[in-house]
Amino acid sequence: MLSLFSKSAYQFFYFIASVAILPPYVFSGTYAFKLALTGETYAVGDRGRNRDIAVGALATVYGLWLVYAAGLQYPLMCAVLFAPGILVYIQARRERGQRVFTGMEVAIAVVIAALAVLAAWLMWIGHISPL
């Protein structure tokens, strides 16, 4: 739907695809940093752990910088595209008989949904536009 209002559909999807990869990149860098800090996956005295702490921290900071550098417009529009995925996630968890959300997943889902509502409102009033 967002592409219908775009001046250039190709350029719109290029920007959205570029920005949509940033949250998973930040989360994977953060998770690598967390694993290295806690030592969950390392043997006692593993020398690579310090290097992995540095790489995980650098990946996290760089990913956050990229999100900041992308500006507000495209990450917000990505939230509109990510929000329906929450419903798919809920359905998949229920089908497997698992608890829908655990721990931080609730906070992440709430933030994504809130950002999606904010983005939809900002698009509605014309403050942000898909190109």
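In this predicted model, Gly97 is found in the loop that lies between helices α4 and α5. With a relative accessibility of 66%, Gly97 is classed as exposed, because the threshold for that class is over 50%. Gly97 is 30 residues from Val67 along the chain, and the C-alpha atoms of these two residues are 35 Å apart.

The contact between the helices involves, on the α4 side, Leu76, Met77, Ala79, Val80, Phe82, Ala83, Ile86 and Tyr89. On the α5 side, the residues taking part include Glu105, Ala109, Ile112, Ala113, Leu115 and Ala116, together with Leu118, Ala119, Ala120, Leu122 and Met123. Classified by residue type, this contact comprises 18 nonpolar residues and one charged residue, with no polar residues.

Beyond the helix pair, Ser129 is located in the segment that follows α5. Its relative accessibility of 34% places Ser129 in the partly exposed class. When neighbours within four places in sequence are set aside, Ser129 contacts Gln73 and Met77. Met77 also belongs to the set of α4 residues that meet α5. Between Ser129 and Pro84, which are separated by 45 residues in sequence, the C-alpha to C-alpha distance is 20 Å.

Notes:
Residues numbered from 1 in each chain as written. Predicted model: local features only at pLDDT ≥ 70, side-chain atom pairs only at ≥ 80, totals over all residues. Heavy atoms only, no water. Contact = heavy atoms within 4.5 Å. Helix = DSSP H or I, 4+ residues; strand = E, 2+ residues; numbered from the N terminus. Nonpolar A, V, L, I, M, F, W, Y, C, P; charged D, E, K, R; others polar. Buried < 20%, exposed > 50% of the residue type's maximum accessible area, 1.4 Å probe, protein only.
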